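Q: Before any single feature is discussed, may we settle how such a model should be read?

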Amino acid sequence: MPRETMTAKRQRALAVAERMNEHYPAAECALHYWGDPFRLTIAVLLSAQTTDKGVNKVTPALWERYPTPADLAAADVRDVEGIIRTIGFFHTKAANVIKCAQMVVADYGGEIPRDIDELQKLPGVGRKTANVVLNEAFGIVEGIAVDTHVFRIAHRLKLAGPSADTPAKTEAALLKLYPREYWGPINHQWVLFGRETCIARNPKCATCFLCDLCPSCGKA
């Protein structure tokens with residue numbers, strides 16, 4: 001099979017985006033955050049290596065106990081651990097959410113910064129979380145949030161090559177393919193696609209609406 005040119009790959013990537021838009025025209029963040037950028041930041045931080053559903057089960061109790069950044073900044077880590085103990089890595093995450101709240105209060109006046117570099121200074125916040133928060137809470141699109149679903153799908157679609165072996169490298173590969181106006185919806189759409197069709201262990205290639213655009217279809 002001949003090597004795909006960059007032009008052909010970009011055309012295929014855009015075709016993928018158009019299909020995603022048809023199937024997920026109103027894809028939304030699955031995390032509950034009640035319109036509060038701080039609560040969104042904490043929810044995304046908690047969602048690492050854990051399901052959004054699991055996070056949504058613990059955050060109502062967390063916000064009932066600690067309704068503001070200042071309240072969470074003053075929390076006892078053992079109490080936070082008790083609230084979020086059903087999600088993965090709860091020890092580390094409990095410490096990070098408190099440190100994050102403390103930094104938001106001390107350095108940013110209790111408000112989440114609207115800058116991708118400043119966001120990544122917060123404990124537990126990496127580029128993926130920063131991208132989600134900026135896009136979802138502020139409508140600011142600086143990149144593409146690459147979580148496990150986006151990483152898997154980008155590689156199955158061969159839109160990212162073998163050398164793009166980290167989320168950062170995969171994001172860079174996607175940014176080269178997609179014009180900026182396409183970046184915003186990708187994470188939410190691909191997460192839904194990854195949960196419903198392009199599943200990690202048993203992808204539903206036989207019923208996949210992208211099969212004709214996917215070099216891995218039937219082989220994943």
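A: A helix here is a DSSP run of H or I with at least four residues, and helices are numbered from the N terminus. The model is predicted.

Q: With that convention, in which helix is the place of His188?

A: His188 lies in helix α11, which spans residues 183-196.

Q: Is His188 buried or exposed?

A: The term buried applies under 20% relative accessible area. His188 has a relative accessible area of 14%, so it is buried.

Q: Which residues does His188 touch, not counting residues up to four places away in sequence?

A: With those sequence neighbours left out, His188 touches Ala27, Glu28, Cys29 and Glu136.

Q: How is the crossing of α2 and α8 to be described?

A: A crossing is described by the approach of the axes, their angle and their handedness. The axes of α2 (residues 37-46) and α8 (residues 127-138) come within 10 Å and cross at roughly 145°. The crossing is right-handed. From α2, the contact involves Pro37, Leu40, Thr41, Val44 and Leu45; from α8, it involves Lys128, Thr129, Val132, Val133, Glu136, Ala137 and Phe138. By class, the residues of this contact are 8 nonpolar, 2 polar and 2 charged. Glu136, one of the α8 residues in this contact, is also touched by His188.

Q: What span does helix α6 reach from its first C-alpha to its last?

A: Helix α6 (residues 90-108) has 19 residues and reaches 25 Å, close to the 27 Å expected at 1.5 Å a residue. Just after this helix, Gly109 takes a positive phi of about 60°.

Q: Which residues of α6 are buried, and against which helices do they pack?

A: The buried residues of α6 are Phe90, Lys93, Ala94, Asn96, Val97, Ile98, Cys100, Ala101, Met103, Val104 and Tyr108. They pack against α2, α4 (69-73), α5 (77-84) and α7 (116-119).

Q: Which members of the largest nonpolar core touch the most other members?

A: In soluble globular proteins, nonpolar side chains tend to be buried together. Here the largest nonpolar core has 42 residues, and Ile42, Leu62, Leu72, Val80, Ile84 and Leu122 touch the most other members. At least two residues of this core come from each of α2, α3 (52-65), α4, α5, α6, α7 and α8. The most are given by α6, with 9 residues.

Q: What does Leu62 touch, not counting residues up to four places away in sequence?

A: Leu62 touches Ile42, Leu46, Leu72, Val80 and Ile83 on that count. A second, separate core of 30 residues includes Ile144, Ala154, Leu157 and Ile186.

Definitions and conventions:
Residues are numbered from 1 along each chain as its sequence is written. This is a predicted model: local features need pLDDT of at least 70, side-chain atom pairs count only at pLDDT 80 or more; totals for chains, interfaces and linings use all residues. Side-chain values use heavy atoms; hydrogens and water are left out. Axes are lines fitted to C-alpha atoms, for helices over the stretch in contact, and angles run from 0 to 180 degrees between N-to-C directions. A crossing is left-handed if the near helix is turned anticlockwise from the far one by less than a right angle, and right-handed if clockwise. Contact means heavy atoms within 4.5 Å. Ala, Val, Leu, Ile, Met, Phe, Trp, Tyr, Cys and Pro count as nonpolar, Asp, Glu, Lys and Arg as charged, and the others, Gly among them, as polar. Buried means under 20% relative accessible area, exposed over 50%, partly exposed in between (1.4 Å probe, protein chains only). The expected span of a helix is 1.5 Å times one less than its number of residues. A nonpolar core is a set of buried Ala, Val, Leu, Ile, Met, Phe, Trp, Tyr and Cys residues joined through side-chain atoms within 4.5 Å.
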